[in-house]
Amino acid sequence: MSNFQVINHPLIQHKLSILRRKDMGTKVFRELVDEIGMLMAYEVSRDLPLEDVEIETPITTTTQKQLAGKKLAIVPILRAGIGMVDGILKLIPAAKVGHIGMYRDEETLEPHEYLVKLPEDISSRQIFLVDPMLATGGSAILAVDSLKKRGATNIKFVCLVAAPEGVQALQKAHPDVNIYTASLDEKLNEHGYIVPGLGDAGDRLFGTK
């Protein structure tokens, strides 16, 4: 579907391959997620609208381009989504940051919301909803539900790896949300983990088990 895009930039693919390795330590893992987040933001922001602005260079006055229209908000799904925020902020430092907290019931694999903290003007912002993994799609769907309940209308979901099941579920629940990933992986296993995936992104980012 047209609202799904795999970002095949060589630098992103190279860094993602290193990220997947099980012997990658927390420090390097965190740095790579940060770098991939920044590189993905470059691609995901490609369609941001521009407007003319008059500026003065050391030589003359000229009309040039600057970002126009809706301002940006980055909303990570806690906790793993936090790992992607700083990289995006390096490119777009004026963006506001919200947070949506989710935990997954280990028995049912169903997500539950425990925290929603968003900029007051969320309804007028372009939102990058970020989470390293799109597995079952449950957390992403619930997060988009939360955003829409609070007036958000312009949402892009950005992840590092996605399972086909999660993509289909998110597309079915929210066909107006564009999905961007660095890789469409093979499948989910019986435990709800992406195969080949990169393990539990939260544990690998924060050194927990």
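Analyst: Start at Arg79, which sits in the loop between β4 and α3 (85-91). Helices (H or I, at least four residues) and strands (E, at least two) are DSSP runs, numbered from the N terminus. The model is predicted, so local features need pLDDT of at least 70 and side-chain atom pairs pLDDT 80 or more, while totals for chains, interfaces and linings use all residues. Numbering starts from 1 along each chain as its sequence is written, and side-chain values use heavy atoms, without hydrogens or water.

Leu78 and Arg79 are joined by a cis peptide bond, with omega about 5 degrees. Most peptide bonds are trans. A cis bond also runs from Val195 to Pro196, and its omega is near 0 degrees. Pro196 belongs to the loop between β13 (194-195) and α6.

Now the largest pocket. It has 28 lining residues. Ala80, Arg104, Asp131, Ser139 and Asp200 lie nearest its centre. Two or more lining residues come from each of β4 (71-78), β6 (99-104), β7 (111-117), β9 (133-134), α4 (138-149) and α6 (201-206). (A pocket is an open set of 1 Å grid points where a 1.4 Å probe fits, with protein on both sides within 12 Å along at least five of seven lines; lining means an atom within 4 Å of a point.) By class, the lining holds 15 nonpolar, seven polar and six charged residues. (Asp, Glu, Lys and Arg are charged; Ala, Val, Leu, Ile, Met, Phe, Trp, Tyr, Cys and Pro nonpolar; the others polar.)

Follow α4 to its partner. The axes of α4 and α5 (residues 164-173) come within 9 Å and cross at roughly 25 degrees. That makes the two helices, α4 and α5, roughly parallel (under 35 degrees; over 145 is roughly antiparallel). Ala140, Ile141 and Val144 of α4 make the contact (heavy atoms within 4.5 Å) with Ala169, Leu170 and Ala173 of α5. Six nonpolar residues are counted there, with no polar and no charged ones.

Compare another helix pair. The axes of α1 (residues 10-20) and α2 (residues 26-44) come within 10 Å and cross at roughly 155 degrees. α1 is therefore roughly antiparallel to α2. From α1, the contact uses Leu11, Ile12, Lys15, Leu16, Ile18 and Leu19. From α2 come Phe29, Leu32, Val33, Glu35, Ile36, Leu39 and Met40. This contact has eleven nonpolar, no polar and two charged residues. (Axes are lines fitted to C-alpha atoms over the stretch in contact; angles run from 0 to 180 degrees between N-to-C directions.)

Terms used: Parallel < 35°, antiparallel > 145°, perpendicular 65-115°, else oblique.
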